[in-house]
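Me: I am new to this structure and would like to go through it step by step. Could you show it to me first?

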Amino acid sequence: KHIDEHFYTDQAGEQEYICQNCGAKIITNKETTATKCSFCGSAVVLSDQLTGSYKPAKVIPFRITKAEAEAAFKQWSKKLLFAPNDFKNDVRIRELTGIYVPFWLCHLAGQGEALADATITHRYSRGDDEVIETAHFNVYRKVDTRFENVPFDASEKMADDLMDKLEPFDYGELYDFDSPYLAGYLAEKYDFTVKDMKERIDKRMKNYVDDYVRASMTGYDSINIIDRDYNIISQKENYTMLPVWMVYSGYQNSEYIFAMNGQTGKIAGNPPVDKGKVALASVGVTLLIFFILRLITFLLGGPIL
């Protein structure tokens, strides 16, 4: 359902609408573009919030239903290695909310040059000794790269690292935006423009270009980029709504927040940790390393301590 009648905006930025289904008044903040009526549950798209620069260009619809999201989260929880058993076996979801999160999908270019210290290591025996020789090489690359549809969440409320972990999205399901896609879900307008996020975009893109440079340097045992000079250029950006299920789970009087890609089902978040399991795993790793070292010593003919 669409609500077009806008009553007022107060000093705090709250806005009041009226539900066309039951007549109740709905109070939202200025970032909200889709919500539900608290009285009758009707889906509400605040269409006057989606005009001008705040109208998205693209959208990826939800592929995973609420029931599927809940079942997938419970299955994921059972596989958590270091989570407490009572959390894994009886995970309690306090709230499960589908949100269209505002993103900028950017087409970017990375141009410049990089210098790396690359090594090749040779190992051989000389009498009873093992000799290790490492040769160092200065490797130079001039780069001109293009990256398409790099996502950056533009919501102040969403943690950037949490949203980044939901990638990748399938951009084969990227459609021209139409407001009915938002019905039944929450949605918000962007808080940050591409210009606002320049520092974040540059940092991430420089890491991408570094990866590209390393991938071009084959035949070496190690590669360490020691100098670089990149220019990151934004060629095009599309304001896009991407589907995310937010999962709020309670455990021992604490709340844990998880996010699920509403298209692919990928889950991200930090669950509670059983310190006893972590300690036991650390002991196990230490013992494994000890026995591996003893085996190596034995195979090399040295004394076993």
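Me: Which residue is the bridge partner of Phe258 in β13?
Reply: The bridge partner of Phe258 in β13 is Gly269. Please note that this is a predicted model, in which local features need pLDDT of at least 70 and side-chain atom pairs count only at pLDDT 80 or more, while totals for chains, interfaces and linings use all residues. Residues are numbered from 1 along each chain as its sequence is written, and side-chain values use heavy atoms, with hydrogens and water left out.

Me: How many bridges are there between β12 and β13?
Reply: Three bridges pair β12 with β13 (residues 267–269), in the antiparallel sense. Strands pair if DSSP finds at least two bridges between them. Strands (E, at least two residues) and helices (H or I, at least four) are DSSP runs, numbered from the N terminus. The hairpin of β12 and β13 has five residues between the strands, and Gly265 there takes a positive phi near 90 degrees.

Me: And what about β11 and β12, do they run parallel or antiparallel?
Reply: They run antiparallel: eight bridges join β11 (residues 222–251) to β12 (residues 254–261). In this pairing, Val247 stands opposite Phe258. β11 and β12 also form a hairpin, with two residues between them, and Gln252 in the turn has a positive phi of about 50 degrees.

Me: Back to Phe258. Is it buried or exposed?
Reply: Phe258 is buried, with a relative accessible area of 0%. Buried means under 20% relative accessible area, exposed means over 50%, and partly exposed lies in between (1.4 Å probe, protein chains only).

Me: Which ring does the Phe258 ring pair with?
Reply: It pairs with the ring of Phe73; the centres are 5.0 Å apart and the planes are at 55 degrees, so the pair is tilted. Rings of Phe, Tyr and Trp (its six-membered ring) pair if their centres lie within 6.5 Å; planes under 30 degrees apart count as stacked, over 60 as edge-to-face and the rest as tilted. Phe73 lies in helix α1 and Phe258 in strand β12, so this pair ties together parts that are 185 residues apart in sequence. Phe73 is also buried, at a relative accessible area of 1%.

Me: How many aromatic pairs does a search of the whole structure find?
Reply: The search finds 15 aromatic pairs. Among them is the tilted pair of Phe147 and Tyr208, with 5.7 Å centre to centre and 35 degrees between the planes. Phe147 is in strand β8 and Tyr208 in helix α4, 61 residues apart. Phe147 is buried at 19%, whereas Tyr208 counts as partly exposed at 26%. Ring pairs also link Phe62, Tyr100, Tyr185 and Trp245 into a cluster.

Me: Which residues touch the most other members of the largest nonpolar core?
Reply: Those are Tyr100, Trp104, Leu108, Ile201, Val213, Tyr230 and Trp245, out of 46 residues. The elements that each supply at least two residues of this core are α1 (66–78), β7 (93–126), β8 (129–153), α4 (198–216), β11 and β12. A nonpolar core is a set of buried Ala, Val, Leu, Ile, Met, Phe, Trp, Tyr and Cys residues joined through side-chain atoms within 4.5 Å. In soluble globular proteins, nonpolar side chains tend to be buried together.

Me: Changing topic: how many salt bridges does the structure hold?
Reply: It holds 14 salt bridges, each being a side-chain nitrogen of Lys or Arg within 4 Å of a carboxyl oxygen of Asp or Glu. One of them joins Lys58 and Asp176, at 2.6 Å from N to O. Lys58 is in strand β6 (residues 58–59) and Asp176 in strand β9 (residues 175–176), 118 residues apart. Lys58 counts as partly exposed at 22%, whereas Asp176 is exposed at 54%.

Me: With which residue does Arg204 form a salt bridge?
Reply: Arg204 forms a salt bridge with Asp164, the closest N and O atoms being 3.6 Å apart. Arg204 lies in helix α4 and Asp164 in helix α3 (residues 160–164), so the pair ties together parts that are 40 residues apart in sequence. Arg204 is buried at 14%, and Asp164 counts as partly exposed at 28%.

Me: Which residues are linked with them in a network of salt bridges?
Reply: The network links Asp153, Asp160, Asp164, Glu167, Arg200 and Arg204.
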